[in-house]
Amino acid sequence: MNKKARFSIILGRYMLLTLATIIIIIGIYVFKFPNNFSFGGVTGIAIVLAPFVPVTPGILTLIINMFLLLLGFIFLGKSFGLMTAYVSILMSVGLRLCELWFPMNQPLTDEPVLELIFAIALPAVASAVYFNIGASGGGTDVVAMILAKYTSLNIGAALFVADLLIVIASCFVFDTKTGLCSLTGLLAKSLVVDGVIENINLCKYFTIISDNPKPICDFITNELGRSATLYNAQGAYSGADKTIIITITKRSQAVKLRNFIKHMEPSAFIAITNSSEIIGKGFRGMN
């Protein structure tokens, strides 16, 4: 890969990171901060601590994130990801600028459940984008990276316990309703992140049984730019020779392939399976 192509890929990743960070800033500042939703992470800590210190949640987030970034560079060195540092700094500064430019003294609406949905969904979508391109939102992820390097702790369980303690603290600092909303957010966040990641990576696995495989294979290779694997088979009932074609496509390509087969080879048998874990040339892991 030449330098120009590599630069384009890197630039595209950072543009995507910037867009995802803007989304997470909106979710946190507009919906999470005004309602005191404290489900996990540095922003959750900042919300719980804000009533006891003379600074805003945005400033606290900035201070904590900068401290964690410093720890990351000290303990992780070159292995500490630049993309994670970029996201952490951009989010911290963005939240502080929002407080200065667009101050919010109360929730956007009088519907806490509606705002909880957006407080969960927007950061979850952004986090899924981060994880999908090998980055993270910084914050407590930095602590997880340090613990993973120097201890044998179950990092996922440790972070969940820490997040749960933050949620419990919010019940005492604010009220029971806020605490229960925060607990709901904590439980739903991981499910939403997993769902978004799965949909981002979703591909279609085709198993096609045909008497005339050549037109189908030509369409797959020439029109879709994909490849396929062929197997010789025999029908159990008819005893006739068959060809099994196996191929994997993106979702948009799957529609084209299905329509082509339906129009050109209507006698073909097609089984289509969803999969979000495709690793190989043309997909994840070997690009």
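Leaving aside its neighbours within four places in sequence, with which residues is Thr 247 in contact? Select Thr 247 and then the residues around it, and you will find Lys 204, Tyr 205, Phe 206, Ile 220, Arg 226, Ser 227, Ala 228 and Leu 257, where contact means heavy atoms within 4.5 Å.

Before going further, keep in mind that this is a predicted model, in which local features need pLDDT of at least 70 and side-chain atom pairs count only at pLDDT 80 or more, while totals for chains, interfaces and linings use all residues. Residues are numbered from 1 along each chain as its sequence is written, and side-chain values use heavy atoms, with hydrogens and water left out.

**Stop 1: Thr 247**

Stay on Thr 247, which has its place in strand 3; helices (H or I, at least four residues) and strands (E, at least two) are DSSP runs, numbered from the N terminus. Thr 247 counts as buried because its relative accessibility is 2%, and the cut-offs are under 20% relative accessible area for buried, over 50% for exposed, and partly exposed in between, with a 1.4 Å probe and protein chains only. Now show the backbone of Ser 227, whose oxygen lies 2.7 Å from a polar atom of the Thr 247 side chain.

**Stop 2**

The structure holds three salt bridges, each being a side-chain nitrogen of Lys or Arg within 4 Å of a carboxyl oxygen of Asp or Glu. Select Asp 211 and Lys 242, whose side chains meet in one of them at 2.9 Å, N to O. This pair links distant parts of the chain, 31 residues apart, with Asp 211 in the loop between strand 1 (203–210) and helix 9, and Lys 242 in strand 3 (residues 241–250). Lys 242 is partly exposed, at a relative accessible area of 24%.

**Stop 3**

Next select Asp 218 and Lys 214, where a salt bridge joins the two side chains at 2.9 Å, N to O. Because they are four residues apart in helix 9, about one helical turn separates Asp 218 and Lys 214. Colouring by accessibility shows Asp 218 as partly exposed, with a relative accessible area of 29%, whereas Lys 214 is exposed, with 56%.

**Stop 4**

Move to Arg 96 and Glu 99, whose side chains meet in a salt bridge of 3.0 Å, N to O. Both are in helix 4 (residues 82–101), and because they are three residues apart there, the separation is about one helical turn. Arg 96 counts as partly exposed at 23% relative accessibility, while Glu 99 counts as buried at 14%.

**Stop 5: aromatic rings**

How many aromatic pairs does the structure hold? There are three, and rings of Phe, Tyr and Trp (its six-membered ring) pair if their centres lie within 6.5 Å, with planes under 30 degrees apart counting as stacked, over 60 as edge-to-face and the rest as tilted. Select Phe 31 and Phe 118, a stacked pair with 5.1 Å centre to centre and 20° between the planes. This pair links distant parts of the chain, since Phe 31 is in helix 1 (residues 3–32) and Phe 118 in helix 5 (residues 112–132), 87 residues apart. Phe 31 is buried, with a relative accessible area of 10%, but Phe 118 is partly exposed, with 37%.

Then select Phe 219 and Phe 260, whose ring centres are 4.2 Å apart and whose planes are at 10°, so this pair is stacked. Here too the pair links distant parts of the chain, from Phe 219 in helix 9 (residues 213–223) to Phe 260 in helix 10 (residues 251–264), 41 residues apart. Phe 219 and Phe 260 are both buried.

**Stop 6: Ser 182**

Is Ser 182 buried or exposed? Find Ser 182 in helix 8 (residues 176–200), where it counts as buried because its relative accessibility is 0%. Its side chain reaches the backbone nitrogen of Ser 38 at 2.8 Å. Not counting residues up to four places away in sequence, Ser 182 touches Asn 36, Phe 37, Ser 38, Phe 39, Val 167 and Ser 170.

Notes:
Polar contact = N/O pair within 3.5 Å; in protein donor to acceptor, adjacent residues only side chain to side chain.
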